[in-house]
Amino acid sequence: MSVDDVEFRRRIRSDVPHSARVWNAWLGGKDNYPVDRELADAVSAAYPQMVDIARASRAFQARAIRHLASLGIRQFLDVGTGLPVANSTHEVAQGIAPDARIVYVDNDPIVLAHAQALLTSAPEGRTDYVDADLSDTDTVVDAAAKTLDLSEPVAVLLLSTLGHLTPADGIDVVQRYMARMPSGSYLVLCDTVKTPQTLAAQEAYDSGENPPYLVREPEEITGCAEGLEIIEPGFLSIALWRPEEDDPVMVDQWGLVARKP
């Protein structure tokens, strides 16, 4: 085992819950440890809607990607990717446009370990993975530019991710990403809004050594899209964003898709 292998394994701690693995547990995945499942269960006990939120976020992501691909968007920057699951960004986008290019971004060692699953691509398109912190916007965009053509529109996805930052920092980070994107680019964004119930979930999640995840006031989400044009149906519960079922399950996660003029 090389020194790099030892360091890599050291970074993957199975004794402390991690957000990507906890999220994977809510989605019913297997890429998690008992400590992650324990925290997932504790949050769900405090806030039973949590599993619905995780599933709704993935479904919103797929609907938004399909809609943007139908509008001609062929480039996607997925920031805060998380562990690979069915219908990842490249699978959805290239299912409509095989020539789509996708760059995934995360700095979680366990996501990096699974990154190969994210790098499969239709022959006509391309995928890549950037191992970087979401706050390092210039590092991320410069690396993504090796795969994406930044003279053409890009859809930037930040889904259930900004809670790792303070609201003010989250707004700043999103605006810095969009400042690097050309006219005609899109922002796809969602996060959990602040209610008594979601605050209880936040408190349950913040137990232990894991970093906190901060729920948002609505304006702390829409503030990320300042200067952009929020497209129909606007900013609302993600269950209601172009739903594909007659009676969607309402969730306390709200989102938007916005275009850069």
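User: At what angle do the axes of helix α7 and helix α8 cross in this structure?

Analyst: In this predicted model, the axes of α7 (residues 137-144) and α8 (residues 167-179) cross at roughly 30° and come within 10 Å. Angles under 35 degrees count as roughly parallel, so α7 is roughly parallel to α8. The crossing of α7 past α8 is right-handed.

User: Which residues make the contact of α7 and α8?

Analyst: From α7 come T137, V140 and V141, and from α8 come V173, R176 and Y177. Sorted by class, this contact has four nonpolar, one polar and one charged residues.

User: How should one read the spacing of residues along a helix?

Analyst: An α-helix has 3.6 residues a turn, so residues three or four places apart point the same way. In α3, the buried residues are V35, D36, L39, A40, V43 and S44. Among the elements that cover them are α2 (19-26), α4 and α9 (196-205).

User: What span should the 13 residues of α3 have?

Analyst: At 1.5 Å a residue, α3 (residues 34-46) should span 18 Å, and this agrees with its end C-alpha atoms, which are 18 Å apart.

User: How far apart are the axes of α4 and α5?

Analyst: The axes of α4 (residues 50-70) and α5 (residues 89-96) are 9 Å apart, and the two helices pack at an angle of about 30°. In this contact, α4 contributes Q61, A62, I65, R66 and A69, while α5 contributes T89, V92, A93 and I96. By class, the contact has six nonpolar, two polar and one charged residues.

Note on methods
Residues are numbered from 1 along each chain as its sequence is written. This is a predicted model: local features need pLDDT of at least 70, side-chain atom pairs count only at pLDDT 80 or more; totals for chains, interfaces and linings use all residues. Side-chain values use heavy atoms; hydrogens and water are left out. Axes are lines fitted to C-alpha atoms, for helices over the stretch in contact, and angles run from 0 to 180 degrees between N-to-C directions. Helices (H or I, at least four residues) and strands (E, at least two) are DSSP runs, numbered from the N terminus. Contact means heavy atoms within 4.5 Å. Ala, Val, Leu, Ile, Met, Phe, Trp, Tyr, Cys and Pro count as nonpolar, Asp, Glu, Lys and Arg as charged, and the others, Gly among them, as polar. The expected span of a helix is 1.5 Å times one less than its number of residues. Buried means under 20% relative accessible area, exposed over 50%, partly exposed in between (1.4 Å probe, protein chains only). Angles under 35 degrees count as roughly parallel, over 145 as roughly antiparallel, 65 to 115 as roughly perpendicular and the rest as oblique. A crossing is left-handed if the near helix is turned anticlockwise from the far one by less than a right angle, and right-handed if clockwise.
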